[in-house]
Amino acid sequence: MALVNRLASALESHRVRDRLIRTLGYCCQLIGGVLVEQCPNRSEVGRRLLVVSAQFNHCRTVLRLFDDPAIFVYTKQYGLGTKEEDIFIRWLSVLSNVTDQLYYPCEHIAWAADAKVLRVDSAWWWTLNTALWTLSLLLGAVKALWTMLKLRQKLRSPTGTSASQLPRSKRRAMEARICSEVLTLLSNLADLANAVHWLPRGILWAGRFPPWLVGLMGTISSILSTCQAARAGRQAEADSP
């Protein structure tokens with residue numbers, strides 16, 4: 001009963017619900033894609049799982065109609081990142097925030113076009129939406145890699161001292177941050193593989209992934225993101241008085 005109560009409490013969070021829907025959707029696509037391609041006698045089950053996956057994805061698209069205010073508030077609060085010490089991270093973050101701010105309206109227009117609410121070419125808006133997502137993921141991956149390398153450099157030789165001379169708590173915090181950035185990097189790269197796949201054909205490997213591979217990349221990304229969120233939650237509990 002306690003487990004059910006904890007699950008119910010967790011699902012009250014929009015982030016947790018979205019993460020769960022995302023993971024389930026990609027898992028269904030992975031399993032469904034494998035069944036359709038590798039198990040002819042289970043292909044009907046596979047097709048049904050692919051339909052479920054598509055519905056989960058559509059659910060997330062509709063729920064993101066309400067994400068614009070949160071994104072706007074975050075972008076406004078960060079501004080030009082004047083409090084950021086690293087100038088490279090600062091402008092990467094600013095560009096990433098602008099990209100994310102444009103991503104949502106493009107997706108809303110594409111969704112409205114598919115639903116026949118707007119009379120515009122949905123394919124063009126979906127392509128623009130995917131291009132913005134690709135750029136955001138690329139910026140996120142570069143930001144995570146740069147931060148990880150900077151932290152490793154500080155850990156090895158912080159201001160001319162050895163890492164062993166750092167306070168233990170600070171060293172452990174830096175190591176935890178490096179681990180978090182590694183998870184972010186790998187998650188972004190997995191999503192980036194799918195984002196390129198959904199770009200127009202002729203761009204790198206666009207359109208070449210079978211459904212199971214899209215599901216695999218998405219499942220990997222979802223699991224990594226969940227692990228990162230769980231680590232952050234435990235760290236926050238440990239730091240709280």
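My entries follow, topic by topic.

**Ground rules.** I'm working from a predicted model, where local features need pLDDT of at least 70, side-chain atom pairs need pLDDT 80 or more, and totals for chains, interfaces and linings use all residues. Residues count from 1 along each chain as its sequence is written, and side-chain values use heavy atoms, without hydrogens and water.

Helices here are DSSP runs (H or I, at least four residues), and strands are E runs of at least two, numbered from the N terminus.

**Nonpolar patch.** Which residues form a nonpolar patch on the surface? I listed Leu 80, Ile 87, Phe 88, Trp 91, Leu 138, Val 142 and Trp 146, with about 640 Å² of accessible area together (Shrake-Rupley, 1.4 Å probe). Patch members have over 30% relative accessible area and no salt bridge, and nonpolar side chains are joined within 5 Å; a salt bridge is a Lys or Arg side-chain nitrogen within 4 Å of an Asp or Glu carboxyl oxygen. Helices α5 (87-114) and α6 (122-156) each give two or more residues.

**Cysteines.** How many disulfides (cysteine sulfur pairs within 2.5 Å) does a search of the whole structure find? I got zero. For Cys 179, the nearest cysteine sulfur belongs to Cys 227, 9.2 Å away.

Key. Patch = residues over 30% accessible without salt bridge, like charges linked within 9 Å, V, L, I, M, F, W, Y side chains within 5 Å. Disulfide = S-S within 2.5 Å.
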